[in-house]
Structure formats: structure tokens, C-alpha cells
Amino acid sequence: MSRYRSSLFSTLQHYTRLKHLQAAKPLHAHIITTDSSSCLYIANALINLYVKSGDFLTARLVFETIPHRDVVSFNTLINAYSHHHQHSSLVLELFRRMLRDNTLSDTHSFAGVFNAAPYVNDILGGRQVHGLAAKAVSCFGVFVGSSLVNMYCKMGFVRDARKVFDEMRERNSVTWATMISGYAMHQLGGDALEVFVLMRRSEEREEENEFVVTAVLSGLMIPELVDRGKPVHCVAVKNGLTSFVSVGNALVTMYSKCGSLDDALRTFEMCGDKNSITWSAMISGFAQSGDSQKGLDLFSDMHFSGVMPTEFAFGGVISACSDIGALEQGQQVHGYMIKLGYEFQIYIMSALVDMYGKCGSISNARKGFDCVKEPDIVLWSSMIGGYVENGVNEAALSLCCKMLREGFLPNELTTASILKACSSLCTCEQGKQVHACTIKYGFGLEFPIGNALFTMYAKCGNLEDGKLVFRRMPMRDVVSWNAMISGLSQNGQGNEALELFEEMRLGGNEPDSVTFVNVLSACSHMGSVERGWIYFQMMSNEFGIAPRVEHYACMVDVLSRAGKLYEAKDFIESATIDHGICLWRILLSACRNYRNYELGAYAGEKLMELGSLESQAYVLLSSIYTSMGRREDVERVRKMMNLRGVSKKPGCSWIELKSQVHVFVAGDVMHPRIENIGVEIRKLIKHMKDEGYQPSSATL
């Protein structure tokens, strides 16, 4: 190459290092006019200039003008395309063209193809190039081998990756880190740790660096493996690797996801250099482990320390707000997100909609949902779930229909929410249609679909189908057993409910506090006081579950339904927990049913002393005093009701006829067939009078 062309070549390299494209373009024009582009070195330097500056179109045009391309011409484009994933599809095309031109490929050619293949999911093309690389023995060194291991790992063929790894004659720290990361990526933490141990014992004796340690820690993020992660932590401390931010982040994340919050917090506090990922990992750890208030406090510390939160930190703190119903703090975080420009990210908006739904602010949840022009299935699920959680079940069903019209297929969570809405509305026919959809979309009877299905059937009174779903479930958790026991109990099959509880115990399934609520409820419906006492005592004696208010309430109901009202009164007064008004309300209702007005008045006055704001208590007590002929006390109760601002809520009922739900509210005249309904009611009243029916004063 002449001195003049050597000068051009040096100038092009200088502009390439600076990425100074504007200054390089006049030089390119000069090269064309002087025909210097015929020099292969200069032509390749021009391709390199344009790809390094991000102008791939011009780089390709220069490439196409070269009459006799060499391996450098191809490799420059291949490697540029492989590192910019939007162009990965062009890599194999260039490689095949290279073979057609009889240009001899080298290690950089193969590595470029292996790096690009995962991004176009072309395993066939990757395997073909693997075969060529294996034949070109001189090319199959540590560089190409590591790229090939990476390709197989990223495409999910971990066994093929391990086979290549084991056959490699030489490995470096990149090879080891790649193989360990591949296992970690596919939740094979035990295998990742095995390779790490193998590396430490191998003849190469590669020094553990931050990349290897970070890779192995990322595979140990399940509780069962936390004890195996601690020795890796020791290795990191011994080699002075904890000073690297990536290692500190991996340690905090591992301990947090494994539920070892004390270890996570100690590691977090020892991290000298914390970035947003470190803070996010710790905040998310608190949120996922139920210490949401600590997560919120830590987010505040992060803000005052001057670290700018990322979308992951916001996701963690919003999740914390959701868990404890911290609406005010959630709104403050929302405002902060708007300020930083994160609001319209779909991931963040899904978390916000979920938070507002769980905090009971369904209108704000819907506003957030409507702000997103193209919601994904996660956002649809969050909004539908929010409606169901807040009892707005009709809106949930309506939104689900809209989602289907827009071409989105429901996932398991969406389907479970819709089934819960059908349960609450007792719309069995719609529930059956959703069941049909679960079969159509290939959903199994695993959690949460199975639980939601038989709960829906049980609440709709269709126990046969409910039992069928329950028995066909491949696995059952405590929620499954609880739902089935509850369904049997509520549908008058108390004996069968208790038999199912015994089956649960014999199968080695540990009951929880909800299980005993359902079991005691079954005893109540059966009127079995003796068995009720047995199960109430079994809770603490056999399973170590401390009785809560709901268990005391069930026990009072057991005694009250059996007519043992004074025993129920003594039980309430001996209760060692703060039960508020709950237990006295149950006794009051039972006293009215058994016409024990003296004890009913006693229970009612207890409720008045406790400042009850439930209209039912005032109505029942007033009814009891009416039956006793104590008009002054009736007036006193009604005045107290008015002074405390207690108003009777209108009754509401609904029925499903011909796939349409009809809702009736006391005093409502908006039903489209209200006149026909009125005519039928008047006919019924006349018929009742003709039969000699006289309403009792207790029902007025």
C-alpha cells in the first residue's frame, strides 16, 4: 500500500475511533473520486467506520461495491450485525454468501454467527455452522467454543451446550461463566453450582472472578439452595469480590428471593457502593416476604440518599403498597413516577392498576388502565382482578368480553378472576362457559384454575360438578381442601365436609386457620356441639393454631344454633381475645330466633355499649323490644340509631334467567319490567291474605 493510501487508512481509523462521521464523509467522497476505494484495506476501513458509527445502510452499500471481498470484509459486517440484534437475521445470510464466494471463514466469522443465532431463533442454522466449525479444527478454539456454548444456552439446549463445554480442550473464565449462566438461566441451580465446583478443581484452575461468582449466585435464588449459596458468598469474600457492585447485587438478590432477609439486609448494609439495582433487590425482598412497611421505609432512604430509582425499584415499592393497602403512599409514589417519566411504561402501569385495585381505589385503577392505548394481557388481568377483588363483578365480566373482542386470549390468572366473579354472582351458566374456555385454551386443573372452578360450582350449588373437578385435580394445596370443605358445608353436606377434613389429615395435608373456620361452620350447620368443641380444641392442641375471632364466632354460632344460648353467653364473656361486636351480634340474632328476649336484650345492649354502627343490630334489638312490649326502649334504640347516623342498607337480590342476570334492590323502580313485577307481587299478597296469613310483629 502506497504512502498516500496508508495516510488515508490512518485517517479513517482516527475518525472511526472518534465516531466522527460528519468529518469522515468528505474523506469518503475524496476516496471515491481518486479511486482509492479499490484498495481492499481502505474499503474494509470504510465499512468499519460506518458500522461503528451506527450507519449500517451505508456500510452495506460500501460492502456491495467491493469487487473482491476478503474475510475481513465479511467479518466486519457479520460481527456488527451480531451485536445489534435488530440486524441478526442478516448474519446467516452473509455467512452463506461468504461460503458461496469461497472466502475462508475464521474464528470471528463463526463467533459472529453463534452470537446472532439465538436472536432469530435459528437453531438449525446454528447447528449447521457448528458442523462447519468442528471440521475447521484450527478455528475451534476457546473463543469459538465459548460462543457456541452461549448459543445453545440462550436457545434452551443446555445439554448440547454442556456437551460442547465438556469436549473443549481449553477453557477460560468466559467459558466457565457462560456455562454456569446457562444453567442459572434455566433454573438449574444445582448444575450451575456443580460446574462452579468443577472449575475450582480443574487443571486450568481459573481464578474466580466477579462474572463467574455473579453467574453462579443467579442460579441459587430458590429457598432450597440458599445454604449452598453461602459457601459461594464465602468465596467472594475471600477473593475480595464483594467490592464489585454486580456481586453485591447478586448476593442481596439471592438472599432476598430465598426469604433470608436478615442475611440480605446484612449484605446490603456491607455493600459500600450501592446502585439502583442493589436498592431495588432489597426493597423487592421486603415486599415479597411480607415486610412491606420496611420496603417503603427503604425506598424513602433510597430517595434521600440521592439514588434515582429504576422501574424495578418502583415495581417493588408499588407491590409493597399493594400488600398493606397503603393508598396514600402509593399515590405519592405514582406522582414521583410521573415526575421521572415512568408512568406510561406497561410494566409500571400494570403494577399501578394492581395497587389501586388492591387498595380499593377502583376508579383510579380504571383511569390508569384507560391511559394505556395498547394494554397487554398482564394489564387486562390486573384490571379484571381489581374489579373482582372490589366486588364489581359485572364490570369484570364486561371488561373480559371487551378483552376477547380485541383479540386477547385470557391466561390462567384472568380466567381464575372471571370464575371468581361468576362465583360471587352465582351465575352458573356463565361459569360453565368459562369452564369450556379453559378446556378450549388448554388450561389444566392445576392452581389457580382448579381451585377457582370447583369453588364456583360449590357456590352455585352444583356440588356434583364441583366434586368432579376437585377429584380430577393433579395436585391439591390447602386452599383446594378449604374450598371444597367450605362448599360442602354451605350446601348442607356437613357430614361429608367433616369426612373430607379427615381425609385431608390422613393424606398428610396440614390444615390452616381457614380450614378450621370451615370445619366449625360445618359443625354449626349440623348442630353438632360436641364435635364443634373437639375441633375447636384440636386447633391449638394438635396443630398449634391460636383461635382467632372468626373461630370464636363459629363456636358461638355452633352453640347458638343448638339453642345453648346461655352457654354461648358464658363463652363470649370468657373469651381472651378482643372480639369487638362480632360475637354479641351472633348471639343477638340467635336469641331472636329462639324468642329468648331477655338474653337478646342483654346482647343487644352490649352492642349498643360497644358503639355498633351496623343497622342490623339496631333493627334486631328494636324488634325484640317490640315483642316484649317495651315501647320506650324501642324509641330509645331508634333515636340512638339516628344520632349515630346509622341507616338501614336496602336489601338486594338477583336471579339469572336465560343467560341474563336480573338485579332487584329494595325501593328500586328502574327494572324494565317493574310494572309486571308489581302486578305479580300484589297477586301474591292477596293470595297470602286469602290463606289467612298474619305477619308477626317480630318480622316487621
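The lining of the second largest pocket splits into eight nonpolar, 13 polar and four charged residues (Ala, Val, Leu, Ile, Met, Phe, Trp, Tyr, Cys and Pro count as nonpolar, Asp, Glu, Lys and Arg as charged, and the others, Gly among them, as polar). This is a predicted model, where local features need pLDDT of at least 70, side-chain atom pairs count only at pLDDT 80 or more, and totals for chains, interfaces and linings use all residues. Residues are numbered from 1 along each chain as its sequence is written, and side-chain values use heavy atoms, with hydrogens and water left out.

A pocket here is an open set of points on a 1 Å grid over the protein atoms alone, where a 1.4 Å probe fits, with protein on both sides within 12 Å along at least five of seven lines; lining residues have an atom within 4 Å of a point. The volume of the second largest pocket comes to about 460 Å³ (the space filled by probe spheres set on the points, which are joined across faces, edges and corners). Its lining counts 25 residues, with S284, Q288, G315, G316 and Y347 nearest the centre. Two or more lining residues come from each of α15 (245-257), α17 (276-288), α19 (311-324), α21 and α23 (helices being DSSP runs of H or I, at least four residues, numbered from the N terminus).

As for the largest pocket, about 590 Å³ of space lies in it. Among its 29 lining residues, V388, L413, A416, S417 and K420 sit closest to the centre. Helix α23 gives the largest share of this lining, seven residues. By class, the largest pocket's lining holds 12 nonpolar, 12 polar and five charged residues.
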